[in-house]
Amino acid sequence: MQPTDIRNPDYFHKVVDCQWACPAHTPVPEYIRLIAAGRYSDAYLVNWKSNVFPGILGRTCDRPCEPACRRGRVEEAQQAKPEPVAICRLKRVTADYKDDDDVKKRIAAGKKTKSNGKKIVCIGAGPASLTVARDLAPLGYEVTVFDQDPRAGGMIWSQIPRFRLPLEVIDEEVNYILDLGVSFKQRKITSMKEVMKEGYDAIFVGSGAPRGRDLDIPGRKEGAKNIHIGIDWLSSVSFGHTTKIGKRVIVLGGGNTAMDCCRTSKRIGGEDVKVIVRSGFDEMKASPWEKEDAQHEGIPIMNFLVPKSFITQGGKLTGMTFEKVKAVYDDKGKRSLVSTGEPDQAFECDDVLVAVGQENSFPWIEKDCGIEFDKWGLPVLDKATFQASVPNVFFGGDSAFGPKNIIWAVAHGHDAAVSIDKLLNSEDLKLRPAPGVTLVSQKMGIHEWSYDNEIAGDARYKVPWADIKATLKNVKMEVELGFDVATAWKEAQRCLNCDVQTVFTDKLCIECDACVDICPMDCISFVPNAEEEVLRKNLNAPATNLTQDLYVSGPLKTMRVMAKDEDVCLHCGLCAERCPTGAWDMQKFLAEMTYAGDGCRNHQNQKKKAA
Amino acid sequence: MTFLAKPKLHHPTLPKNKLGFTRRDYEGKVSTLCAGCGHDSISAALIQAFWELDIQPHRVAKMSGIGCSSKTPDYFLGQSHGFNTVHGRMPSVLTGANLANRDLIYLGVSGDGDSASIGLGQFAHVMRRGVNMTYILENNGVYGLTKGQFSATADKGSKAKKGSINADSAIDTVSLALLMGATFVARSFSGDKHQLVPLVKAAIAHQGAAFIDVISPCVAFNNHAGSTKSYEYIREHNEAVNRLDFWPTREAITVDYSAGGVIEVPTHDGSILKLRKLHEDYDPSDKINASAMIASAAVKGEVLTGLLYVAPDAEDLHAHLNTYETAFNTLGEKELCPGSAMLEKINAGLR
């Protein structure tokens with residue numbers, strides 16, 4: 001193999017599994033260390049800069065970071081249940097224990113008093129739009145956000161139930177953004193052309209995927225009064241329009257919306273609430289922890305049942321029938337659900353909530369306004385810049401590439417803001433600077449580091465819950481209580497500090513084997529060089545996880561190479577402590593993503609002018 | 001060294017031996033030696049060897065004297081017996097222990113100061129008595145604990161870190177062991193575990209005095225240009241006479257060797273030593289030839305490594321003394337004090 005080029009900013013970024021997996025690339029180990037140090041406000045602001053909604057995401061994020069977390073892999077075969085660090089709930093810790101006044105002051109310091117004369121409009125006040133506003137307002141842009149609802153927040157507040165996310169948390173974080181001088185107005189946009197005529201320099205569409213998919217099976221019309229579309233129903237509960245539901249409720253669908261529907265039902269009158277899904281339990285789209293939460297509240301999840309019809313009597317819904325199916329896989333591994341041949345199963349119910357997916361819908365964008373759509377009804381966009389076929393129109397969040405989640409919407413918002421900033425500075429949108437990267441030695445003394453390199457053996461800590469009897473009675477009472485300070489500290493100790501990299505300098509190595517002998521995970525080998533496939537087998541411990549890179553040095557004096565499998569490295573720094581020559585060093589890698597503002601601009605125009 | 005204990009976490013695929021232990025279960029406390037010390041690599045090789053041999057740690061007694069090397073038994077086999085003796089007196093304490101309990105596996109760990117200076121006499125006698133043990137000499141050519149004076153194994157003409165040249169002749173512990181009657185003599189290098197681990201395994205299986213001189217560079221005081229015990233010097237001058245493969249039983253041999261160039265040496269316990277010849281005319285069962293080869297290599301400036309001599313028909317101290325087969329420490333009062341009638345009988349036999 002060729003020696004690893006650690007100058008490539010992606011190499012070490014990939015080693016920080018959580019940060020790499022996060023769409024917004026939040027520097028997770030950095031804020032976890034700040035939590036451990038009790039610096040909650042600083043930890044909050046690290047998050048705020050990157051993901052904009054730490055308190056909201058700390059309760060509701062889809063957590064792509066956690067399945068990626070190295071801790072889960074290193075605990076394999078030694079912890080009864082290997083689990084990642086509770087990254088998401090530690091994020092909530094930063095919001096819970098920060099100094100509110102201090103944070104408010106520091107955020108407000110970014111407020112620009114002088115306008116740069118450019119006007120931006122964001123359509124829809126969800127996470128994508130609010131991120132664009134947050135990134136652009138401090139640069140002097142005049143940002144206006146429109147939403148059909150009287151509150152800003154979009155799906156964060158209309159679709160996510162209050163028992164998962166209290167109103168105060170939403171208001172606090174939405175207001176941080178609005179207080180930067182962003183103006184929010186309730187206005188239902190009915191015509192894109194109209195907005196285009198209003199003289200905005202750029203238009204950002206963050207209107208989400210607002211249409212819940214319906215289920216067109218026999219009995220749908222007759223039972224319509226008691227059949228509700230999941231997201232509309234949740235929104236209606238959020239706004240207080242709906243305050244009760246029948247005693248027997250069937251929720252159709254296996255995603256997180258279905259989980260929110262069933263848990264909400266249980267709190268406003270539903271006694272016999274069940275979730276019924278087409279697929280198998282394991283293939284459900286809902287996050288595992290959301291399924292667990294539903295089951296914990298006594299809601300059964302029944303699988304492999306395909307809805308066949310609604311049963312009505314005298315125009316009133318009385319139940320549903322389902323076909324029993326099983327999963328069959330073809331040669332290519334493609335799954336299809338085929339009937340088991342057993343008789344259909346019927347369930348009685350008073351209400352049905354349909355949560356079988358969401359769709360994009362842009363009835364307010366005129367066909368002839370210049371914005372092109374593809375055959376799936378999604379806008380034609382540049383994947384990197386989020387620019388539509390009309391150059392000053394951008395899409396982000398669910399409205400760009402279909403339904404995803406909050407953290408993706410935030411990531412889209414950041415990128416769209418960069419595009420808008422570049423466009424309005426007459427720059428090429430496609431020339432986007434790579435993230436800024438720093439790599440700094442953490443050495444303080446012979447065996448002292450500026451990070452805590454002792455590895456905690458603790459298993460993952462559980463977030464305490466409020467009493468289930470009380471929470472099931474009150475749709476607004478938050479179920480999760482969050483970590484207390486002591487538990488948060490202990491959970492923070494489980495983080496392996498994967499951003500503190502093992503950096504190897506081949507010229508200094510005397511091949512004494514000290515690092516090989518001390519490495520608890522057998523990550524380091526000195527072997528004859530070979531092609532990657534061969535090398536992976538020849539290491540002290542086989543490197544079977546192909547998603548994790550091998551770190552390979554140049555040839556050493558014996559013509560062997562140092563090959564390190566990044567997969568299960570604990571970042572404990574013992575290799576560097578045992579290295580007599582400093583060939584190993586522990587260096588903190590920090591990737592600063594490129595946000596709108598001076599840092600994202602290449603100044604190619606200025607250069608042209610100078611020339 | 002490091003202040004932290006090595007984390008308990010290990011690689012998810014770390015294999016277990018027949019006893020259900022991983023290699024990590026044979027570790028000891030965290031080393032307090034200097035970073036890069038060859039002794040730590042030897043500890044790692046010992047851990048590997050004992051793990052591979054499926055030896056129950058509590059069947060092992062580790063004995064050592066004084067010095068950097070003699071600290072190391074604390075850093076491996078944390079579940080074994082140990083005795084840190086007076087300087088240079090490990091062989092006599094070990095001999096005593098071996099006489100009292102012949103059932104344990106004895107590992108003596110010593111250094112060049114402990115064995116070639118203050119303990120030279122003890123070293124000579126434990127070899128000639130044929131005490132059943134594995135004697136590991138961690139040889140770095142300097143007194144590390146007292147900041148780098150030449151030891152008795154430093155080569156004549158080699159240079160100290162501060163520049164002085166050694167004028168004294170070196171004691172070649174391998175030649176001395178051969179001369180004194182050791183029945184298993186080897187030399188290896190801490191930086192070559194592929195060579196060292198099988199040698200340690202074979203030495204443990206050997207029923208007699210097995211001696212391994214392991215050159216182990218002192219990174220702090222003897223790893224500079226002009227030193228003949230540095231990583232670089234040993235790598236350049238290492239002349240391996242053979243490659244050893246150790247097979248615990250005859251049935252376990254599965255590797256096909258090309259004919260010729262391989263010597264099989266059976267041992268008492270049924271294990272097999274397979275030696276791949278690297279030197280055309282080197283025969284490790286020929287003691288006189290071995291001595292001559294070691295001497296001529298030294299003249300050429302080569303460091304001869306590998307299994308230098310092994311006597312397949314070795315006997316140990318217990319055989320020499322014709323002692324009782326049961327370990328003395330398990331004998332009861334009745335066996336140990338057979339009574340005045342027996343004493344009379346013995347006395348009568350001596351009159």
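Trainee: Where in chain A does His571(A) lie?

Mentor: His571(A) lies in the loop between strand E23 (560–565) and helix H23 (574–578) of chain A, where helices (H or I, at least four residues) and strands (E, at least two) are DSSP runs numbered from the N terminus. This is a predicted model, in which local features need pLDDT of at least 70, side-chain atom pairs count only at pLDDT 80 or more, and totals for chains, interfaces and linings use all residues. Residues are numbered from 1 along each chain as its sequence is written, while chains are lettered from A and ligands numbered from 1 in the order in which they are written.

Trainee: Is His571(A) buried or exposed?

Mentor: A residue is buried if 20 or more other C-beta atoms, placed from the backbone, lie within 10 Å of its own, exposed if 12 or fewer, and partly exposed in between. His571(A) counts as buried because it has 23 C-beta neighbours inside 10 Å, and its phi is positive, about 55°, although it is not a glycine.

Trainee: Which loop holds Met559(A)?

Mentor: Met559(A) lies in the loop between strand E22 (550–552) and strand E23 of chain A, and its phi is also a positive value, near 70°. Met559(A) counts as exposed, because 8 C-beta neighbours lie inside 10 Å.

Trainee: Which residues of H12(A) are buried?

Mentor: An α-helix has 3.6 residues a turn, so residues three or four places apart point the same way. In H12(A), the buried residues are Val169(A), Ile170(A), Glu173(A), Val174(A), Tyr176(A) and Ile177(A). Seen down the axis of H12(A), these buried residues fall within an arc of 145° (taken from the directions from the helix axis to the C-beta atoms), so they line one face of the helix.
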